[in-house]
Amino acid sequence: MDNKIDAPRIAVFAGSFDPMTVGHWNILQRALPLFDKIIVAVGINTEKHCCQPLDERMAHLNRLFSSTERIEVASYSGLTVDFCHEHGARYLLRGVRNMADFEYERNIADINRTVAPDIETVILFAEPQYAAISSTMVRELMTFGKEVQDFIV
Ligand code: ADP
């Protein structure tokens, strides 16, 4: 891994994005000035109950970011840090909404630092208007036929 200060700053924003919410979108927009490239990495998690099939999710994300030059979309299985190494990414971008997220994200960041000390986790705090929005909440509303357009991108 190239640790030179002038190496491109590539970050991985990993998640299920099932669906991508305005909260995820806000984190990405705020992170864009910090990095040369951000890879939106859709984790293939066989244990997680998914709402939208992976191929449809990928097609939607590819459409969303087709004109944003510095954002790439990919899917992966396995460890996120391995994906980072394969793509020359030295940063893991995460968002934190509340104390529950904080504890969770801190644990993940600690584990990732242990197995991959060369990768730094960069956390952005959710803006207050997005702090209550989660993919889980959106899926729940959809299950009961409620309108979710305001929450997703
Ligand atoms: P996972 O499905 O693996 O829990 P998500 O796809 O929900 O992950 O989210 C990926 C990242 O985005 C996580 O760091 C999560 O905390 C963050 N995130 C999710 N929703 C929001 C939001 N509304 N505001 C800020 N960050 C968020």
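Hi everyone. A residue counts as buried here when its relative accessible area is under 20%, and Phe 65, at 4% relative accessibility, therefore counts as buried. Please keep in mind that we are looking at a predicted model.

Let's start with the sheet. Five strands make up an open, parallel sheet, in the order β3-β2-β1-β4-β5. At the edges stand β3 (71-76) and β5 (120-125); each has a single partner strand, so one side of each has no neighbour in the sheet. On average, neighbouring strands are turned by 30° against each other, direction ignored. Further in, β1 (residues 10-15) and β2 (residues 37-43) run parallel and are joined by six bridges. If you'd like one to find on screen, Val 12 has Ile 39 as its bridge partner in β2.

Now the helices. Helix α1 (residues 22-31) packs on the sheet and touches β1, β2, β3, β4 (91-96) and β5. Its direction makes about 115° with that of β5. Helix α2 (residues 54-64) lies across β2 and β3, and runs at about 170° to β3.

How are the rings of Trp 25 and Phe 65 arranged? Their centres are 5.5 Å apart and their planes are at 20°, so they are stacked. Trp 25 sits in helix α1 and Phe 65 in the loop between α2 and β3, so the pair ties together parts 40 residues apart in sequence. Whereas Phe 65 is buried, Trp 25 is partly exposed, with a relative accessible area of 27%.

Technical notes: Residues are numbered from 1 along each chain as its sequence is written. This is a predicted model: local features need pLDDT of at least 70, side-chain atom pairs count only at pLDDT 80 or more; totals for chains, interfaces and linings use all residues. Side-chain values use heavy atoms; hydrogens and water are left out. Two strands pair if DSSP finds at least two bridges between them. Helices (H or I, at least four residues) and strands (E, at least two) are DSSP runs, numbered from the N terminus. Axes are lines fitted to C-alpha atoms, for helices over the stretch in contact, and angles run from 0 to 180 degrees between N-to-C directions. Contact means heavy atoms within 4.5 Å. Rings of Phe, Tyr and Trp (its six-membered ring) pair if their centres lie within 6.5 Å; planes under 30 degrees apart count as stacked, over 60 as edge-to-face and the rest as tilted. Buried means under 20% relative accessible area, exposed over 50%, partly exposed in between (1.4 Å probe, protein chains only).
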